[in-house]
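Here's a friendly walk through a few spots in this protein. Have a look at the sequence and the 3D view, then read on.

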Amino acid sequence: MYRLLSPSLKGDLFGGITAGVVALPLALAFGVASGAGAAAGLYGAIALGLVAAIFGGTRVQISGPTGPMTVVFASAIAAFGGSFEMALAVVLVGGVLQIVLGLLRTGGLVHFIPYPVISGFMSGIGVIIILLQFAPLLGAPASASPLIALSQLTNTLNSINLEALGLGVLTLGIVFLTPLKLSRFVPSPLIALVFCTLLSYFAGFNLAEIGHIPTGLPELQLPRFTLQEWSVIVTLGATLALLGSIDSLLTSLVADSITQTRHQPNRELIGQGLGNMLCAFIGGLPGAGATMRTVVNVNSGGTTRLSGVIHALFLLTLLMGLAPLASHIPLAVLAGILIKVGFDILDYRMLKRLKTAPRSEILIMATVFTLTVLVDLVMAVGVGVVLAMGILTRRVAREADISFDDHNGHHSHDVEKVGPGVRVVHVKGPLFFGSVSHMLDRIETVDKVINTQDIIIDCRKVDFMDLTAIFALDEMVERLLQHKIRPKVVTTPVIKAQLLQLNTQHLSEAIIFTNMKSAMH
């Protein structure tokens, strides 16, 4: 029994500790960047990492604070005038909504989010992190938003601290240039964190540092709600839930491809929601499944949920004993580490194809990117999804084809007689809100044709009809009757049953047929 368990236990132990080493500098940096403090980053990494590992649906996933979730949480703190308790209410709502999404079995819907929307959002988050960390890299105070950071760029450049700049540039050099072979054993962010902190400490640099980090277990925090801010809390909470769910499930897909396994998406959402709810009650930063830390865990030997538990316990051990040492970490070093994270978040796969990708996809990506950076995260995703749906609707609507029969039985786009006073309108493709107006425009030309007595609307090649199309068809039949024209509809048995079931005023069984021969008599 020992021989069977030993290799797995050894892999989980090494994978969990390695993932914890990678997570440490990122948790501290995200905590500081959010405005909640380095301790909040550690609390979030421990709580979410532990709960998601136990209750989540991906065995090897490592969860904790991530760049996108940190940006949303920082936005929440700014929206509530620096109120940490109100921001925790956002985290609580986000966690509850994630659990609801899991219970509603929506985990598989991540596949239906258009890639340009995800690409524009992720690249926008990367740029936000870079812009917000530019000032701390130079030794200047951090800004609350990307727009403020851009507007204060002149002031930032005029208040450069050369010691901070030198240390920040050194950090960037380490995280960008450390050979991959070395980084596999000792993560480059950890190398930069330890080396640059020791250099600053022994050289006596006068730099802004993390400051006091409390040791021991976190204290209970009570999220605070107010009716006046309820809509903002719910909106930001929904953003956290959607973003955290997408981030986690995409990481789960990466883990599946590496381990050749299949995750449980709905269970993963419930595990992430429970973890974020716990973060709300201990003052921890919200998070999601972290791709880099998950890959590190798998590559280091992690194979079961135990690796995620070990990762969280490792960070808890550091919090209990080594927190005072972390208080001397310069903010410029953390800024350098986060700028590397920002560049890693950028979607280079899409950026490399800006010249060759379809213009409509580029439009969606660029719109989401711009709104993410300059306006609002929620609006960016909403506008991106609506824009993608609009473009898709237009493409599908173009597949609908309307044609008429002439007297020889050939199809023509002109209104010609098929027999004495009889004309056949052929409708092909999906008939829905996006394509029905095209059909109405073509049918209206029939009203202008003299001696038209019967119109047969052939819908046998219609894939489906939505409610908009059915009501439009009913109105069209009414208009034809007003013009003393006898309408007949030929369709499939399935759509005939659908039309009769709705019991509209003019689409009666007397004018609906399932074959052309019956309609011609």
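Which backbone nitrogen lies 2.9 Å from a polar atom of the side chain of Ser248? That nitrogen belongs to Gly289.

## What you're looking at

This is a predicted model, where local features need pLDDT of at least 70, side-chain atom pairs count only at pLDDT 80 or more, and totals for chains, interfaces and linings use all residues. Residues are numbered from 1 along each chain as its sequence is written, and side-chain values use heavy atoms, with hydrogens and water left out.

## Around Ser248

Ser248 sits in helix α11 (residues 230–259); helices here are DSSP runs of H or I with at least four residues, strands are E runs of at least two, and both are numbered from the N terminus. Ser248 is buried, at a relative accessible area of 0%. Buried means under 20%, exposed over 50% and partly exposed in between, using a 1.4 Å probe and protein chains only.

Setting aside neighbours within four places in sequence, Ser248 is in contact (heavy atoms within 4.5 Å) with Gln61, Gln272, Ala288 and Gly289.

## Over at Val194

Val194 belongs to helix α10 (residues 188–203). With a relative accessible area of 43%, Val194 is partly exposed.

## Strand β6 and its partners

Six of the eight residues in strand β6 (residues 454–461) are buried. On one pairing, β6 runs parallel with strand β5 (residues 422–428) over six bridges; strands pair if DSSP finds at least two bridges between them. Here Val425 stands opposite Ile457 of β6.

β6 also pairs in the parallel sense with strand β7 (residues 486–490), over five bridges. Ile455 has Pro487 in β7 as its bridge partner.

Key
A polar contact is a pair of N or O atoms within 3.5 Å; within protein, one must be able to donate a hydrogen and the other to accept it, and residues adjacent in sequence count only if both atoms are side-chain atoms.
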